[in-house]
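Student: Please take a close look at how side chains pair in this structure, with particular attention to the rings.

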Amino acid sequence: MSLTWDEIDHRAHHAKPARLTRELLAISEEERLALAPAIDAGIKAADPDRWWSRDGQNPNPGYALAVIACMPSAARVAAALSRRGMRGWNSTEPDHFLEIARARELTWLGDLGERLARKVPARETWGGEWPFAAAVLAAGGAEPPVTEGVVRSWINGLLRPGRREPVPPLSIRMREDPFLHLLLPAVFEIDGMGAELGGGYWDEASREWQSTPRLPAVLAHLVADGTCERKTILDATIDRLLRPDKPAVLRPFVMIHDALAPTLDECAAHALDYARMLPEAPGPIATLAQRALRTVGDAGRLELETLLEASVPVLLRTEKSLVKAQLTWLDRVARQEPERAGEVCETIAVAFGHPALDVQEKALDLVGKRVAALDPGTVERLADAAVALTGDLPARAAGLFGTSVAEPAYLPELPPPPPPAVMPAPIASAAELAEEVVTLVHEPSAVGWERVLAALVALYAAGRQADLAAALQPVLDRYPGDFEENTWNRDAVTMMLGEVIRAASGAPQHRNVTNWMQRSLRTAWQEGRRGGTDSMFSAKPDGVLAVRVAEVAIQLTASMVPMTVATPTHVTGSLDAAELLARLRRAEAEGWQPWPFDFEQALLRLPRETDPAVRAGAAALTSPAGRQFAAWIDGGGLPDPVVTRFEQASDPRKRHWETEPQRRVVAALRPARDGGLRLERQLVTLTPDAEPDNWPDDFADRAGVLAMVLPHHREFAAAWALPELAAQADEDKRDGGTLLPVIAELGGPAGPALALAVAYAFGARHDANRVAALDAFLLLAARGEPSAAATGATSFPAAAGAELGALAAAGLLKLSRAVPALTDAYRAGAAAAMWELLAAALPALLATTPRGLPDLLELATQVAGTVGARTAIPGLAGVAARPGGTRVVTEAKRLCTVLGPEAAA
């Protein structure tokens with residue numbers, strides 16, 4: 001019988017592998033080889049998406065049978081199976097594939113298995129690549145290449161067989177695996193392999209889910225029965241623990257080490273390896289190394305020099321339990337070897353520089369027990385090391401070493417922040433503009449929007465329509481989903497930008513879109529309103545950008561305006577008054593008036609103070625815009641809105657998700673005057689809902705757009721962004737980390753909205769957001785911002801501290817999250833500002849003692865000692881006087897000691 005590609009294709013599409021196998025084997029080898037070109041061509045021409053067809057039929061396994069039956073070499077088979085359209089060819093059992101290979105008596109089956117194995121991906125190890133390649137390798141009597149993909153897939157297949165029928169226990173499967181001794185060593189050598197070893201498993205014997213990885217116990221069993229060599233596995237485990245990686249990835253190797261339970265001789269042989277783990281390894285690994293070294297040391301087989309050298313970096317680690325255990329060990333050694341107690345005590349003194357006061361105190365106590373027996377030179381060196389002590393410990397050290405109490409070592413003051421960066425140079429050509437428009441599609445930014453708008457107007461006014469058409473039409477064609485109207489972007493700013501581009505390049509605009517923009521602009525001008533059923537603009541601050549883009553789209557070809565006057569001079573959105581004066585002088589000289597919304601945005605971007613020379617120049621202007629400019633700066637610009645705290649509470653009957661916050665404190669805005677610009681009333685009016693928003697995300701990726709609307713009124717931006725910043729703490733939201741640093745760079749008073757924003761951000765769930773809070777706080781502290789908060793605080797740090805204390809005391813944020821960021825702010829040089837924050841936060845916290853308060857008290861003690869504070873802290877003495885030795889009481893007493901009795905009222 002003969003066989004054609006069409007018949008093979010038909011069998012493959014109808015999932016009849018057994019029949020296709022019989023028919024392929026029924027023809028001669030010569031006929032099969034003659035079919036190879038047709039099969040190759042058919043696979044190339046096949047639909048590459050057929051493998052996921054809705055009818056559930058994937059023809060590729062059938063194609064694979066034809067490939068193994070007809071191709072003349074391993075290289076040709078591997079190439080055909082790697083075609084783009086052959087995805088999922090190995091999704092079935094390899095029985096028929098290998099049946100054909102055996103019938104052909106292929107001598108290159110092992111070579112094919114190696115080629116298939118090399119293509120096993122290092123990721124997505126759940127695919128069928130490795131099982132199929134392993135079957136071919138076994139049939140061909142070959143070994144796989146030791147690649148990351150092979151090793152990951154091999155170990156993952158052993159740990160998670162993924163079969164419905166029962167399989168033998170893992171120990172048996174590993175013992176009988178033909179590639180065990182070849183591939184197992186690579187599990188320890190390839191970085192990141194621990195991710196495959198972790199996780200639990202379903203135990204068929206107990207019919208229960210086991211949460212701990214099973215490989216450690218199985219490996220120990222294989223070592224015990226001689227399947228694996230103990231020295232090889234232990235050496236590989238320790239070598240892997242020496243290399244850095246994420247703690248979760250290294251955890252299975254820690255468990256393997258523990259399951260092997262190294263003997264004293266084995267620990268002694270690896271003593272230097274364990275010592276190398278101590279300085280920087282993750283906590284669990286350092287603890288393991290410490291325990292192993294302690295075993296060697298207790299047996300008298302660890303040289304003291306090795307211990308002392310390894311202890312120095314350990315004593316500065318952040319894990320207090322690890323450090324205290326090392327101090328206890330050193331104290332025991334000093335007791336056992338009194339002739340070398342001086343060396344040991346000098347090593348213990350390294351912990352004087354530890355950030356935790358209780359660690360410093362323990363080190364000082366240990367040294368104090370032996371100081372009387374030490375020689376004068378050693379005591380002098382210990383006294384010099386004691387200058388690193390903080391809090392109440394310097395006075396104790398002075399009494400111990402017979403020295404005077406050193407003056408507080410003030411940290412360096414924060415340097416003044418640099419001025420805001422100026423805007424990049426204007427876009428000079430249509431080609432450059434096209435690049436910026438593409439960038440705006442992928443990475444929108446406020447600076448990008450301003451540059452693109454300014455360039456479109458300027459290049460059009462310069463008569464560059466042909467250049468604009470040639471450069472920008474391909475951009476419109478490339479991104480129709482962004483620049484064309486459709487059901488999901490009818491109010492998107494990029495869609496409106498498409499109309500601007502069409503107007504500037506001479507392409508026809510969409511009449512329905514331009515009509516809608518005209519109606520929305522008319523509503524905004526006549527009623528001062530954005531949003532609603534008859535407006536395409538957002539009622540929130542980002543709607544101002546949409547208004548301006550729509551205005552350009554409508555006005556560009558209808559008026560002779562050669563430039564946008566609102567383009568800022570600085571990346572914060574600020575516009576120099578002198579620059580706006582120059583633009584308005586040009587407008588008078590050339591006889592044109594700025595577009596109304598563009599001009600209003602320009603006024604809203606002016607600084608709060610104006611140079612007298614600019615005032616004089618503005619007074620000489622005669623145009624309507626010029627006279628309005630002069631009146632605006634004479635009147636002091638936009639008055640600061642009235643900002644008040646607003647407490648939200650959710651209705652338990654309406655909550656849908658456990659993550660929804662029950663309570664949240666945000667800010668309300670209301671105008672300080674009636675009338676004014678048409679844009680301003682909605683901008684400075686914010687009435688929060690009675691219930692908190694769930695996962696708010698209005699400005700997470702538009703921080704610059706929000707900031708540039710009113711760049712000298714940071715309270716306005718903080719109030720609008722506050723729900724998102726609060727959600728970082730009370731809903732563990734990740735997005736919006738750029739908001740707070742951008743707002744901090746703005747001008748204007750720092751009021752209750754910004755104080756709340758900083759407090760919430762310090763309590764954010766994710767590190768990146770707490771770092772953003774730290775950056776914003778340092779910037780504000782360096783500027784020495786006064787407070788306009790409703791708390792009565794005289795400085796912004798004090799206002800932020802009062803809010804932090806109130807929120808944490810009410811359970812609206814987790815104080816323990818905030819302490820590390822506050823500590824970083826102190827160490828960065830903001831000691832004075834940090835003391836103001838802590839002093840304002842502590843009264844509310846002392847009354848409720850939330851989790852994290854002991855750490856905050858410890859930080860307060862360190863900061864107070866640094867700045868020489870004598871501030872009275874209400875409630876501190878009462879907590880310090882409580883009976884018992886809890887850490888809260890201990891740290892309260894310590895702070896009382898530093899502040900002095902008269903300050904702890």
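Tutor: Zero disulfides (cysteine sulfur atoms within 2.5 Å) are present in the structure. This is a predicted model, in which local features need pLDDT of at least 70 and side-chain atom pairs pLDDT 80 or more, whereas totals for chains, interfaces and linings use all residues. Residues are numbered from 1 along each chain as its sequence is written, and side-chain values use heavy atoms, without hydrogens and water. Cys228 counts as buried (under 20% relative accessible area, with exposed over 50% and partly exposed in between; 1.4 Å probe, protein chains only), because its relative accessibility is 5%. Cys345 is likewise buried, at 1%.

Turning to the rings, the whole structure contains eight aromatic pairs (Phe, Tyr or six-membered Trp ring centres within 6.5 Å; stacked under 30 degrees, edge-to-face over 60, the rest tilted). One of them joins Trp5 and Tyr63 in a tilted arrangement, with 5.2 Å between centres and 40 degrees between planes. Because Trp5 belongs to helix H1 and Tyr63 to helix H4 (residues 60-70), this pair ties together parts 58 residues apart in sequence; helices are DSSP runs of H or I, at least four residues, numbered from the N terminus. Trp5 is buried at 15%, as is Tyr63 at 3%. Phe97 and Phe132 form an edge-to-face pair, since their planes meet at 85 degrees, with centres 5.0 Å apart. That pair links helix H6 (residues 95-104), which holds Phe97, to helix H8 (residues 129-140), which holds Phe132, across 35 residues.

Notes. Helices (H or I, at least four residues) and strands (E, at least two) are DSSP runs, numbered from the N terminus.
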